[in-house]
Amino acid sequence: MSFAIEVPGEAAPLSMFELGRALEAAATSTDNAQRKSAGQQLQAWEAHPDYYPSLQTIFLDKSLRHEIRFLSIILLKNGIDRYWRSNAKYAVKPAEKHLIRSRLLQGSVHEEEKSLSLHNALVAAKIVRIDFPHDWPDAIPTIINVTRTAKNGNPIHLSGALLVLLRVVKELGTARLRKSQTALQAVTPELVQLLGEIYTEKTAYWQEFLMKGRGDEDDADYAMQNSLMALKILRRLVTTGYEQPHTDSMVQGFWSLSQTQFDQFLNGVSHDSWIPAPYQDLVGKHLMQFTKLHIDMCEMRPASFPVLPNSIPLVKAYWNLVKEFSDVFEKSGGIKSSGATAGGKAKHEGPLSEKLALKGLLLIRSCIAIAYRPTQSFKYRSAEVKNLEHKAIEAIKNELLTKDLLLDIVQVIISRLFIFRKSDLEAWEEDPEEWEAQEFNEGGAYEWAVRPCAERLLMDLLTHYKELGQPLLTYCTFATKVDMDIVTKEAAYCALGCAAPVVHESFDFDPFLNGTLVKDTQLEDTMAKLLRRRIAILLSQWIPIQVAKASRPVVYEIFRHLMNPSDKHNDEVVQITAARQFKCIAEDFGFDGDDFLPFAGDYFNLLIGLLQNVNNDETKLAILETTRLIVTRMESHVSHFGDAIMVTLPGLWESSGSEEYMIKQSVLAIMSALVMSMKATSQRYQPTIIPLLREAMNPESPLNLHLIEETVDLWKSLLMQSTPPVTPDFIQMVELALPLLEYNSEVSNSCLEIVKNYILLAPREILHDSLRRPTILALEKTLEATGREKVQLGVKSIDLILRAAEELGGAQGVSIVVQDMLDTSLLKTILEGLHGAWEASQTVGPKQKKVGTISTLRQSDFFSLLARIAVADPIVFATMLGNFGGIEAVWPWLSTLWFSTFDTMDIDRQKLSLLALTRFCELPSPVQELVLGSLQDYLSMWTSVITELRDGAENAARDLLVWGEQEIEGWETPLDLHERQLAHKDPVHSVAAFDFVNARLLDLVQRTGGEQAFEANWAVNVDKEVLAGYQALSQPQEQQMDG
């Protein structure tokens, strides 16, 4: 059957024929336009009622090409995730669901193509997980019946049924919903009995064939595959299908069978095996399933594991298996990670004996977890379970983890499993750079590599059995003698490094460092590179834990020696390892820039030289990270070497390519560290750095998406360490930050801080016509942000613009900025928000009460900006209010809200508002009458704020916000100092509030006709207590003068 398709002009109606054409084009066409068109058509049909049943129909049609059927089942599988649940948009209708479910098993049971059968089984499992037991109560009973029927029939049918069952058990076993777990446990006994029969029968058949030659070869092959599939299901059921597996007789029987057959099969894959070579791989897979069963039971059912038949002897047998393997470990090829399997997991290839030994180590680690980490192992606790837990812990501690076994484990690990193997050396020499990176990354691969797992096991034992530290140290002392071979020494150093966190109190590392390690670093031997690499790793493990300050220069000397490319024993692996591991030395708390200074120049040269000689991106990143850390920890000392570092970085940026973002990310991080360490002297690098910043901040560049956070951090660092004047190129970059202020993100907040810093450092340039209005327009959007930090920073930035306008342009400058604030609606936003808050304050009662559009904190923010305008020039402020109905219309509600908001302001804002409101006293009618009409509010406010500013002092002129000379702190950046100098000029910190108020009040009194007229016409309207409170402010000063 063949379909042909042309690129459609519009979506075609769904029919089996059209669907077939679209699937064929999407799956097999070599024309990209046809494939794209077909894909769009298939996507458009997803909402069609008959789409998914039709996909299943095409999948079940074996006359069609494999590619078409494969695509149809993939699309069906994807559709289950998106549209099967009833609450989904375009959900599959109940009748269609019923049709699909009725044909599900057919797609695997009667399918000979394994890949198609597998994906159909995945579809079935997804549906069962959603529908069973509520919408599809007979799902598992149906699968059981089909499996039982196929048990003694066609082996392909049985294989398909078991595949569906496996996927269903996997889905239900990993489901978090209790209903799925309960549903699985309800059918587990029946499933275990059926699968046990299948496993027993099929295993007996292929064993009979292999041992005695009875039966058919093809049938034996199917029997092996089906027994393996049954075993995979059984091992999951006995751990997830029972709350207490040890209480079930079928589980006990299967557990005993697993141990018996493990021994049988293990003999079957030995050198004198009774199993022919072609079948040994499948037998090995049976063995691996048994190991997974034993480990899963130990980890998932820790209370049941020790009381299942012969579990303790089982673990000891595993240890014997590990010991036997340790004799050949040195010659074993190792387990290698390869491409992912169909399930998405990495595939690990290697000798079966090594895989089994690894499982043995993992099982012992799980037993230690039962004994010493019960809170992690035991999750569900009832009184009965707690008692069982206690017995499990005691059994593990007393019967398994005996002193003799523990000593044996430690001895085997450090003397055999830590040995550097021939296969490791061959891989090292074949591709040094790749091998070093893989070794570093595989350090945490304890789940699939023997040596990392052995390291973890050793650490577990030393952590819980500290007495084992002494035998380990005794062995290491013996093994590190001068005349000991290098491979043995390397293994001993590996053990000593692993044990560092545990044995550091009983081992004096400094004499060992200054004596043995210094000598071993200088050994010249064909295998010396092994020891040198290990010494670098050993030092990185010990130095953060224990080393004297006097010994640190020795450490620095050793690493410098190991990174020296002129020494023939320092091959690429040794140099890279030393460069990578020195990061641990540099980030240690005890690292001192002064002590490291004599070595720093050589280190930077060596690191930069090494960087230019390596090709692996991950290796480059490691070297760059070490360089960055040294730059950071050297602080100002790094200025001696800044030029040499900066010469290298732009070239590395360019050579890394347009899509190698991680290298560029590291370059930016080093530049940022260099700038922060060198402080103001780093300004000479701005011409080099700014083009990179501009490239990364360009919204059209792909770098912008991946590097924006690091770019913004570097940009901030440059500004923090800058002093005026700022270069024109650097100033123009502010235009790239303004569009980002409207977003809610950390990057946006950082860009806002950048804009604020530009206003501080280059106020004249920011107030230029080309930048002033765009900046104000961008800052307006920050006032409506949801984050408090962003609003505060936006208000601060606008405040700085107003101050800069006053300082540089006086009243005219302020007027220009205020006009921009009017044109951009910034002032409209402020006054509308405040008016809404005032209206809300005028209504009472649960039904009439209005909710203000802004919070009291936002009111304080807005009033601080209005205050800054008024402090700069009250005439400009009064003129501005003319745009909102005039000051006579606005003053009554604005002043009322302003005075009432003082309680929510901090003392700095209170004083700023005091200065602003007081400046209105300078203005003539009609403002003068408005001020006098609010005289009681004024006097109350003056008294309250000045009293707080006086801070209990007798002197009325005292003002705690008026700053004197302040010492410069060592941590302050040039930007900090500049900002502090600007703050000194702020009237809030340079004008005494009492003198400022008193002078303007006296002037106001004189303008109203003198003291008598003032008292008769205006002061008479003020409460006596309020008037007396203000008068009391000057009394202490007057009494002192009289005295």
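## Salt bridges, core and loops in a predicted model

Glu625 has a relative accessible area of 24% and is therefore partly exposed, as this value falls between the 20% and 50% limits. The structure described here is a predicted model.

**Salt bridges**

Glu625 has a charged partner. Its side chain meets that of Arg628 in a salt bridge, with 2.7 Å from N to O. Both residues belong to helix α29, which covers residues 617-634; because they are three residues apart there, about one helical turn separates them. As a general point, side chains of opposite charge can pair when their charged atoms come close.

The salt bridge between Glu753 and Lys716 has its closest N and O atoms 3.6 Å apart.

In the whole structure, a search finds 52 salt bridges.

| Salt bridge | N to O distance |
|---|---|
| Arg628 and Glu625 | 2.7 Å |
| Glu753 and Lys716 | 3.6 Å |

In soluble globular proteins, nonpolar side chains tend to be buried together. In this model the largest nonpolar core contains 353 residues, and Leu866, Leu894, Trp898, Phe920 and Trp942 have the most contacts inside it. Helix α39 gives the largest share of this core, 14 residues.

Which residues does Leu894 touch, apart from its neighbours within four places in sequence? The contacts of Leu894 are Leu831, Leu834, Phe863, Leu866, Phe877 and Leu881.

Helix α39 spans residues 788-823 and also holds Gly810. The relative accessibility of Gly810 is 27%, so this glycine counts as partly exposed. Gly810 and Ala872 are 62 residues apart along the chain, and their C-alpha atoms are separated by 8.0 Å.

**Backbone details in loops**

Two cis peptide bonds involve proline. One runs from Pro724 to Pro725, with omega near 0 degrees, and Pro725 is placed in the loop between α33 and α34. Another joins Ser925 and Pro926, where omega is about 10 degrees; Pro926 lies in the loop between α44 and α45.

Positive phi values occur in residues other than glycine. Glu635 has a phi of about 50 degrees and is found in the loop between α29 and α30. With a relative accessible area of 53%, Glu635 is exposed because the value is over 50%. For Lys679, phi is near 55 degrees. Lys679 is in the loop between α31 and α32, and at 31% relative accessibility this lysine is partly exposed.

**A span from a record**

An unreviewed UniProt entry lists residues 38-110 as "domain: Importin N-terminal". In the model, this span is 66% helix and 0% strand, and its end C-alpha atoms lie 29 Å apart.

Note on methods. Residues are numbered from 1 along each chain as its sequence is written. This is a predicted model: local features need pLDDT of at least 70, side-chain atom pairs count only at pLDDT 80 or more; totals for chains, interfaces and linings use all residues. Side-chain values use heavy atoms; hydrogens and water are left out. Helices (H or I, at least four residues) and strands (E, at least two) are DSSP runs, numbered from the N terminus. Buried means under 20% relative accessible area, exposed over 50%, partly exposed in between (1.4 Å probe, protein chains only). A nonpolar core is a set of buried Ala, Val, Leu, Ile, Met, Phe, Trp, Tyr and Cys residues joined through side-chain atoms within 4.5 Å. Contact means heavy atoms within 4.5 Å. A salt bridge is a side-chain nitrogen of Lys or Arg within 4 Å of a carboxyl oxygen of Asp or Glu. UniProt positions are given in the numbering used here, feature names are shortened, and annotations may be inferred rather than shown by experiment.
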